[in-house]
Amino acid sequence: MRDVIVANKEILDFDNQMQVQDDVFPILHILDSDGEIVDSESLQRAQLTEEDFINIMKRMLLSRQLDIRSTKLAKQGRFGFFAPTAGQEASQMASSYAFKDDDWLMPGYRDIPQIVVKGWPIWKAILWSRGHALGNVFTTEEGKPVNSWMPQIIIGAQYVEAAGIALGMKKRQKDAVAYAYTGEGGSSQGDFYEGVNFAGAYKANAVFFIQNNGFAISTPRAMQTAATHLAAKGWAAGVPSIVVDGNDPIAVYLASKEARAWATSGKGPVLIETLTNRLEAHSTAGDDPLRYRTQADIDAAWKKEPLIRTRQYMTGQGIWDEDKEAAYITEVNALIDDQIKIADKVSKQKISDFIKNTLEVPSYAMAEQITKFESEGK
Amino acid sequence: MAVKSYIDAVREAMDLALEKDNNVLIFGEDVGKNGGVFRATDGLQAKYGEDRVFNTPLAESGIGGLAIGLTTQDYRPIMEIQFFGFVFEVMDSIAGQMARNRYRFNGTRNMPIVVRSPYGGGTKTPEMHADNLEGMVAQIPGIRVVMPANPADAKGLLLSAVESNDPVVFLENIHLYRSMKGDVPQGYYTTPLDKAAVVHEGTDVSIISYGGGVPVALKAAEELDKNGISAEVLDLRTVSPLDIQAIGDTVTKTGRVVVVQEAQRMAGIGASIMSEISERFILSLKAPIGRIAAPDSVYPFGQAENDWMIKSDDVVAKVMEVVNYD
């Protein structure tokens, strides 16, 4: 009787409940912003070899160079739409490093680098940006399938679709997962919740990422939800949900790897919130961050970006140095130069091709339209 | 041949599809043990197992996403939207995603999804259960919209829809589910998509309709027969894309047309048929095209439903007007 009275009082103490919410989501962090390891046990648990560190560093540098070059080319009018990724290298590249070829990537429009490292040639990414459907043919240069969806513009759709892929993998008894990315803005979408909830209900093979980069275009994270941590949304669906320092590649990798293992074991999906920062504009289409955030805020964020701490740590370990980095950046830029040339040579997208690919067999009216546009060379 | 109800024909098609191809899955709200709210999937979970016929959480967009995702694992999903009035919840999956994926992936990806859903009035359902929303989905490039008007077509068209590599919105008329019975061929057969059918031969006037409008048109044609007017009834069967050749054939044959639809008059399938006729076959016309459609209000609450819905008497009157035009 007495216990029930106490319990009931606690249940009705909403202030207490708010405090409890705050306390249950500690942030996983292993490598701090000064390049120091703060948890050597977790570092061991990640089982990253020297080669892994170099691979992750190279992927992050590739992503940064793609970002720099894409932004520049967009300013020159030689690129189409591009959503800058600077600041999110650990969140994107260290997470995707934990997944395998058989896994299915479900990206949002800012997740171009994850598709590239999965084998999607950069020239196709450029075509996607320029609005050419050849960009959305997800095969490697050698024609091998790349298990990725196109970058979603509707930022909750990849979550419900990931649930379907994950359920299919479970039915086919595959040792594979669907891994989907959205942002903290995307986590406000109804589809976000439906996707996590469906995957949870079916205990399907999915890993969901919320890259909490602080801003949805201009809307700050605090405006998206009263939830203290976005990961709490996964708990509502009965799914293990964690918060990770998204600028710490070791923590992001470890969380992703263990989430993948859980999801392939038949126990269901995992939700990971990575705390990171979008250091640049929302997109190359005329967004000016100084309209909604201060320069001081941006400067502070640059000090915590993932490349600095990773470089510091790896240099300290004697596995990275300035020369190696300079040589790799030169190599990446030569690759990007080549890929731009390939993209430039692809003939313009034709309307007739679009109509042909609307239905498997064009309708009567479509056939008329194809004939008309083909006669005009369009 | 055996006489079967419309809903039995629908269920038989799904039974045969599940039997023929292990990649076919059926899922939606309450489709499992309960067999769906109309019993369209009755017994299928018991026969094929929970792995292939299963319930979903109550969220239509999730159901659509599930279907799209499952295609990557070589499944051919038949997803059910419990009532087509609930389609607004899944419009992104249908219009924003599955319809666009063939062109989006430059023709490298099929979307073999059937979106089954009951529609149509006459059974005094609560709001959002009876609307004719086919016009809305027919405007989306990249999906086929199929609306069978009799049991034999319901079975043959549903099997074609399952075989189609394009997404098909397959709309089943609630009123006809149990009220309509007809001859249904035995075994597995397909009825071609995108092909209209002349379901009542005639020479004086063409009545063009689809779905639940067809029985109304047929009743009118029988009434007109008694008055010595020979009406041809064309059942479109697929409302997107339209069978323009079949429309042209009947228009050039009779020179007089009445278009009949259960949906509201504004911006619908009927309007599309009339504009195609005006553009392509106007010189064959001997009279302005007539139209019977529901009023331009939202679908009415139950008490006004009977007055709101189209009737064969209205079709007869409109045909007389068109036939008597000089």
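In H7(B), the buried residues are B:Pro151, B:Asp153, B:Ala154, B:Lys155, B:Gly156, B:Leu157, B:Leu158, B:Leu159, B:Ser160, B:Ala161 and B:Val162, buried meaning that 20 or more other C-beta atoms, placed from the backbone, lie within 10 Å of a residue's own. With 11 of its 13 residues buried, H7(B) is therefore largely enclosed by the rest of the structure. From first C-alpha to last, H7(B) reaches 19 Å, close to the 18 Å expected (1.5 Å times one less than the number of residues). Helices here are DSSP runs of H or I with at least four residues, strands runs of E with at least two, both numbered from the N terminus.

The model is a predicted one, with local features needing pLDDT of at least 70 and side-chain atom pairs pLDDT 80 or more, while totals for chains, interfaces and linings use all residues. Residues are numbered from 1 along each chain as its sequence is written, and chains are lettered from A and ligands numbered from 1 in the order written.

Chain B splits into domain 1 (2-184) and domain 2 (197-323), with bounds from an automatic or database domain assignment. Their contact takes 24 residues from domain 1 of chain B and 20 from domain 2 of chain B, counting residues whose C-beta atoms, placed from the backbone, lie within 7 Å. Among the elements giving two or more residues to the domain 1 side are helix H7 (151-163) and strand S7 (168-173) of chain B.

As for the two chains, 34 residues of chain A meet 34 residues of chain B. On the chain A side, H8(A) gives the most, with 11 residues.

Conventions
Buried ≥ 20, exposed ≤ 12 C-beta atoms within 10 Å, placed from the backbone.
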